[in-house]
There are 2 protein chains.
Amino acid sequence: VTEAEFIAALRQLPLHLAARGLNDDTALLDAGPLVVTTDTLVEGVHFLPTDPAQDVAWKLVATNLSDLAAKGANPEGVLLNYPLGDDSWDRAFLEGLADVLTTFDTKIIGGDTVTLPPNAPRVLTVTAFGSDAAAPARSGAREGDALYVTGTIGDAGAGLAIALGAHGPAELLAAYRRPQPRLADGRILAPHVHAMMDVSDGLLIDASRMALTSNLAISIDLARIPVSDAYRTFSGTRLAAATEGDDYQLLFAAPQDFVTDATLIGAFSTGSGLTLHDSGTPVPLPASLGYEHRPRG
Amino acid sequence: VTEAEFIAALRQLPLHLAARGLNDDTALLDAGPLVVTTDTLVEGVHFLPTDPAQDVAWKLVATNLSDLAAKGANPEGVLLNYPLGDDSWDRAFLEGLADVLTTFDTKIIGGDTVTLPPNAPRVLTVTAFGSDAAAPARSGAREGDALYVTGTIGDAGAGLAIALGAHGPAELLAAYRRPQPRLADGRILAPHVHAMMDVSDGLLIDASRMALTSNLAISIDLARIPVSDAYRTFSGTRLAAATEGDDYQLLFAAPQDFVTDATLIGAFSTGSGLTLHDSGTPVPLPASLGYEHRPRG
């Protein structure tokens, strides 16, 4: 579609007041303190060329909303940097965009459209804005805190294997293609926890980052990592679950006696680094703790 | 360079308080009403593969600051979405980034780094935030207003021709590679003008857009379009100057008797569309009024 058609289609989506009808080069945000986050997805790296465009749109917005969820923020809206391509992909992308925006009550604030050279992989960026955030830092874990994670881990990683040709439950593929940012959980947790972040690159690497910025050591019990029945059906291991990305669950530090539906999976202590065990039996660290900008697909 | 090295280098640049030391997935902006703008530059489309990386960094930030200038905003900072590539390009980019940030007193707020598949063209995004803006809309021109433009027009277009191999003054090449956002002019003008935008895609197309969103017709006198001595030396025509992009001057609507250093080049009236004349003699519209997502380079 042309730039004009694309912008006309965006105007049919929920528009933030700040967007001024998408008739200007800038947006005007007047929302008090804001949480701001930005994520870029690259075709062949963060998503597969065969992933449906609707799902790419969903994932692009959902991954940003997941960062807002980790701060307990209320989504205000998004900026979209979009490379115009072929008509059918663009239209399918707009469908997925409408889905994800209405599902999570998020609005368009503005953006930019560009044309890529022929055969260039798509590179898409969303920047998301959230308000009313308690905004716990990633670095706030305290000595003696426990580490908790919401939901189940590993489903998206198994879903990626299924997208690449493995057989397995459809709900795992859906977990990979349509991640659900934990916005409601985040709003409830954020005012009370010491540190919080989302699990995007893999549980072990993300937990290590929380420990590192908090100047603490973290010990994780593999046996406690929550996995779904579907993941068990897929015969996924807990170690694989803990090193695969795209789960978009919330990982947080809070006192050992914190009352929560999330699962206690580890403990912070003085020192540095990550140690793993399985109900007390030491487990060597795997070669990779998670996703670190490896090309994929 | 690696992601960790790149982020470490960013930490040596002026960091906004909102960045929280780049130790988190989100930034926390607490600056009152904000002007927000985002621009994506694509290698081979918006810049040449042979353009020095320092200049690409400059241009990426400067084009966004130019949008802030058109709203009379004070730059707060930028988010950077950066594709890590080869070491020498990355290091040169960081040099240019330091230059442009310190020149315009702008800070790093956050961003995202990604890896592209091999041989993919670079796609870079900056999102800029400005405060204290009077924020005249693009759509505010009134019947009877004059159209004004700051500085001179056409220098960057000639500079692009020079970058592609033509011979001409070095200052034209510099105008293309190191555009100067008119931040000081913008702050002075914004509270007093009726409409304002920057000239990024070409004077004629951008003036047409201002007229269109203001529901008015615009007539432009080619003879009044300000060009530099260097541009005359290059033998550029005023029509070419008016249709080439990347000038990043400010274009604004204000009363005929408005007191300004900018040049009066046209007049708004009831109706719609663009007409051109040369000191009163009608001039037919050229086939292209400016840049509209044509691949380049």
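Predicted model: local features only at pLDDT ≥ 70, side-chain atom pairs only at ≥ 80, totals over all residues.
Contact here means heavy atoms within 4.5 Å.

B:Asp206 sits in helix α7 of chain B. Leaving out residues up to four places away in sequence, B:Asp206 touches B:Met197, B:Asp198, B:Val199, B:Ser200, B:Asp201 and B:Leu251. Its relative accessible area is 1%, so B:Asp206 counts as buried, the limit being under 20%. The side chain of B:Asp206 also has a polar partner: it makes a polar contact with the side chain of B:Arg209, at 3.0 Å.

With a relative accessible area of 64%, B:Asn215 is exposed. A:Tyr248 lies in the loop between α9 (238–243) and β9 (250–254) of chain A. Is this one buried or exposed? At 6% relative accessibility, A:Tyr248 counts as buried.

Back in chain B, have a look at helix α4, residues 155–163. Seven of its nine residues are buried, so α4(B) is largely enclosed by the rest of the structure. The buried ones are B:Asp155, B:Ala156, B:Gly157, B:Ala158, B:Gly159, B:Leu160 and B:Ile162. What do they pack against? The buried residues of α4(B) pack against α5 (170–177) and α8 (229–233) of chain B. After α4(B) comes B:Gly165, with a positive phi near 125°.

Now for the sheet. Strands of a sheet pair through backbone hydrogen bonds, in either a parallel or an antiparallel way. The one to look at is an open sheet of five strands with mixed pairing, and its order is β4(A)-β3(A)-β5(A)-β2(A)-β1(B). At the edges are β4 (107–115) of chain A and β1 (27–29) of chain B, each pairing on one side only. On average, and ignoring direction, neighbouring strands are turned by 20° against each other. Within this sheet, β2 (residues 34–42) and β5 (residues 123–131) of chain A pair in the antiparallel sense over eight bridges. For a landmark, find A:Val35, which stands opposite A:Gly130 in β5(A).

Helix α1 (residues 3–11) lies across β3 (74–84) and β4 of chain A, running at about 165° to β3(A). Helix α3 (residues 87–103) of chain A packs on the sheet as well, touching β3, β4 and β5 of chain A, and its direction makes about 175° with that of β3(A).

That leaves the contact between the chains. It takes 48 residues from chain A and 48 residues from chain B. Interface size is often given as the accessible area lost when the parts come together. Between chain A and chain B, the buried area is about 4100 Å², and carbon and sulfur atoms give 57% of that. How many salt bridges are there between chain A and chain B? The count is zero. Polar contacts do turn up, with ten residue pairs across the interface. On the side of chain A that touches chain B, the elements giving two or more residues are β1 (27–29), β2, β3, β4, β5 and β7 (195–198) of chain A. The largest share of that side comes from β2(A), with eight residues.

Methods: Residues numbered from 1 in each chain as written. Chains lettered and ligands numbered in written order. Heavy atoms only, no water. Helix = DSSP H or I, 4+ residues; strand = E, 2+ residues; numbered from the N terminus. Buried < 20%, exposed > 50% of the residue type's maximum accessible area, 1.4 Å probe, protein only. Pairing = 2+ DSSP bridges. Axes fitted to C-alpha atoms, helices over the stretch in contact; angles between N-to-C directions. Buried area = accessible area lost by both parts, 1.4 Å probe. Salt bridge = Lys/Arg side-chain N within 4 Å of Asp/Glu carboxyl O. Polar contact = N/O pair within 3.5 Å; in protein donor to acceptor, adjacent residues only side chain to side chain.
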